[in-house]
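Let's take a walk through this structure together, one piece at a time. Have the picture open and follow along.

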Amino acid sequence: MNGPFSWRNWLTWFQDWQYFLQGFGRTLWISFLGLFFTLLIGVAVGLVLCGKSRALKRLCKAYMSFFQNTPLVIQVFIYYNMLPKLGIMMGTVTIGVVSLALYTGAYAADIVASAIRAVPLGQMEAAQSQGFSYMQSMMRVVLPQAVKVGLPPMTNQAVNLIKNSSVMAVVAGGELMYCTDSWSGNNLIYGPAFVMTGILYLIICLPTSMLARHLEKRSLKDA
Amino acid sequence: MKKLWMISLALVLALTLGLSVTAVAEDAPDIAAIKARGKLLVGVKADVPSFGYQELGGEFEGLEIDLAKLLAAEILGDESAVEFTAVTAKTRGPLLDTGELDMVIATFTVKPDRLLQYDFSKPYYVDAIGLLVKKADGITGFADLNGKTIGVAQSATTKDALTAAAEGAGYNLEFAEFPTYPDIKAALDSGRVACFSVDKAILMGYLDETVELLPDSFASQPYGVALKKGNAGLLKLVDDKIAAIRTDGTADGLVSKWNLPAVDWAEVDAYGASIWAEAEELAKAQ
């Protein structure tokens with residue numbers, strides 16, 4: 001059988017599967033670190049949005065508007081090709097983590113802010129009346145309740161982050177998508193390469209979004 | 001009973017029609033399909049000056065465009081009966097497989113393992129791999145690239161050729177692959193890669209006052225017209241046409257028209273023969 005899905009093409013893929021595994025590993029690593037910093041940014045900016053300082057709020061809104069309304073691929077291109085002209089040379093893994101965290105963080109902040117607002121105001125007032133400071137009330141009373149509301153949409157952002165990590169392919173990021181492009185280009189075999197890469201993304205994204213659905217159901221039940 | 005009549009009538013009709021078509025046309029089915037459509041569908045590069053280049057929204061132009069027009073004239077008797085589609089290294093294979101293109105003429109290097117995936121015509125041009133570096137970096141030859149990162153194009157043969165050369169000399173090279181040539185140039189400008197390496201004719205399009213071409217040359221890159229496997233009739237027609245324009249000097253005329261270095265056809269043929277022989281070995285081994 002000839003054509004893009006011939007048995008010979010599959011055979012060649014299975015001979016080189018370790019190359020794809022290496023790219024898969026890097027995708028996982030970039031996604032993991034990216035997600036970690038996304039959560040940090042999301043909580044920090046989310047708290048500011050619910051706080052009292054108007055100057056800080058304006059700053060965070062500016063950050064969110066900028067990163068939500070420019071394509072990720074352009075942001076990545078700027079980190080890769082423009083920053084070196086200013087003397088900032090980041091490696092591709094660092095670029096991946098920084099770009100994904102700043103981009104997804106801008107969305108995560110919205111989620112955190114609306115989750116905090118979903119917790120009844122009385123909770124904050126009650127905590128403060130017991131002598132907790134604002135920060136203490138936030139950390140010990142409001143945020144734990146907000147997590148329940150914010151977790152399902154946050155998990156969806158995690159799925160987006162994993163899929164978005166594929167834009168690193170345009171700057172030779174060495175992750176799964178780059179490995180696929182490189183391998184299929186060298187061999188002119190794209191059939192098995194893209195199918196298997198799709199499956200690999202599915203392997204990480206599907207359980208994550210199923211988790212999101214499960215959490216959503218649970219939070220609905222509790223409510 | 002009525003149904004049976006209808007079926008037999010349809011059968012008779014189909015048979016006579018089928019017979020008459022085969023009687024009139026002596027063309028292979030692949031060529032007949034192009035004639036029936038009245039248009040030759042060709043995939044070309046849009047970003048390689050002198051080969052396949054398109055000004056913003058303008059006409060395609062270059063040696064490969066002229067070759068496509070010659071082929072359209074040969075098949076359809078009209079050199080303007082050709083529709084160009086811009087392709088990249090990533091899209092040219094799939095577009096052939098789906099049948100959206102009849103052929104790809106897009107600085108496609110003939111390689112033994114590629115012959116297992118697609119059919120290629122005999123080469124119509126041969127180029128060498130070159131090295132483009134920034135003047136400010138003070139790199140004077142291949143040796144200075146030891147330990148550095150080379151920017152190459154995805155789906156290009158550059159990486160293999162340079163790796164082989166580096167191994168021979170005991171050098172160590174890193175590679176970064178990019179989807180388009182402008183991406184590689186941007187990476188060279190920003191210092192991400194020390195060297196932009198693809199076929200020399202392509203590099204010529206990216207020369208400016210900040211960069212220079214090193215004197216080194218690597219592995220010849222013979223360009224062929226690529227077709228989906230199984231189009232024997234069309235392949236023979238393309239091969240014949242290329243042989244004809246090489247004999248009557250049209251090919252050399254095109255090469256000089258587009259300011260490309262002259263081609264030594266004897267060398268091309270010798271090299272070409274070795275590629276097809278190697279491909280046969282590969283096919284047998286599998």
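This is a predicted model: local features need pLDDT of at least 70, side-chain atom pairs count only at pLDDT 80 or more; totals for chains, interfaces and linings use all residues.

**Chain A: helices**

Let's start with the overall make-up. Chain A has 9 helices and 0 strands. Read along the sequence, its pattern is simply α-α-α-α-α-α-α-α-α. Taken along the principal axes, the C-alpha atoms of chain A fill a box of roughly 75 × 50 × 25 Å.

How do these helices lie against each other?

| Helix pair | Angle | Distance between axes |
|---|---|---|
| α5(A) (residues 92-118) and α7(A) (residues 134-164) | about 155 degrees | 8 Å |
| α2(A) (residues 17-50) and α7(A) | about 135 degrees | 11 Å |

Take the α5(A) pair to begin with. Helices α5(A) and α7(A) pack at an angle of about 155 degrees. That angle is over 145 degrees, so α5(A) counts as roughly antiparallel to α7(A). The crossing of α5(A) past α7(A) is right-handed. On the α5(A) side, the contact is made by L100(A), T104(A), Y107(A), A108(A), I111(A), V112(A), A115(A), I116(A) and A118(A). On the α7(A) side, the residues include V142(A), A146(A), V149(A), G150(A), P153(A) and M154(A). Sorted by class, this contact has 14 nonpolar residues, 5 polar ones and no charged ones.

Now for the other partner. Helices α2(A) and α7(A) pack at about 135 degrees, with their axes 11 Å apart. That makes α2(A) oblique to α7(A). Here, too, the crossing is right-handed. From α2(A), the residues S31(A), G34(A), L35(A), T38(A) and L47(A) meet M138(A), A158(A), L161(A) and I162(A) of α7(A). The contact of α2(A) with α7(A) holds 6 nonpolar and 3 polar residues, with no charged residues.

**Where chain A touches chain B**

Next comes the contact between the chains. Chain A puts 18 residues into it, and chain B puts in 22 residues. Which helices of chain A each supply at least two residues here? They are α4(A) (72-82) and α8(A) (176-187). Of the elements of chain A, α8(A) gives the most to this side, with 5 residues. By class, the side of chain A that touches chain B divides into 8 nonpolar, 7 polar and 3 charged residues.

**Chain B: domains**

Chain B comes with a domain assignment. Domain 1 of chain B covers 27-124 + 224-285, and domain 2 of chain B covers 128-220. How far apart do the C-alpha centres of the two domains lie? The answer is 26 Å. In the contact between them, 13 residues of domain 1 of chain B meet 14 residues of domain 2 of chain B. The side of domain 1 of chain B that touches domain 2 of chain B has 6 nonpolar, 4 polar and 3 charged residues.

**Chain B: sheets**

Chain B also has strands to look at. One open sheet of 3 strands has the order β2-β3-β4 (chain B), and its pairing is antiparallel. Its edge strands are β2(B) (47-48) and β4(B) (60-61), each pairing on one side only. Strands β2(B) and β3(B) (residues 52-54) pair over 2 bridges in the antiparallel sense. For D47(B), the bridge partner in β3(B) is Y53(B).

Another open sheet has 5 strands in the order β11-β10-β12-β9-β13 (chain B), with mixed pairing. At its edges stand β11(B) (174-178) and β13(B) (211-213), each with a single partner strand, so one side of each is left without a neighbour in the sheet. Strand β10(B) (residues 149-153) is joined to β11(B) by 5 bridges, and these two strands run parallel. One bridge to look for links A153(B) to F178(B) in β11(B).

A helix goes with this sheet as well. Helix α6(B) (residues 181-189) packs on the sheet and touches β9(B) (132-134), β10(B), β11(B) and β12(B) (195-196). The direction of α6(B) makes about 165 degrees with that of β10(B).

Terms used
Residues are numbered from 1 along each chain as its sequence is written. Chains are lettered from A and ligands numbered from 1 in the order in which they are written. Axes are lines fitted to C-alpha atoms, for helices over the stretch in contact, and angles run from 0 to 180 degrees between N-to-C directions. Helices (H or I, at least four residues) and strands (E, at least two) are DSSP runs, numbered from the N terminus. Angles under 35 degrees count as roughly parallel, over 145 as roughly antiparallel, 65 to 115 as roughly perpendicular and the rest as oblique. A crossing is left-handed if the near helix is turned anticlockwise from the far one by less than a right angle, and right-handed if clockwise. Two residues are in contact if their C-beta atoms, placed from the backbone, lie within 7 Å. Ala, Val, Leu, Ile, Met, Phe, Trp, Tyr, Cys and Pro count as nonpolar, Asp, Glu, Lys and Arg as charged, and the others, Gly among them, as polar. Domain bounds come from an automatic or database domain assignment. Two strands pair if DSSP finds at least two bridges between them.
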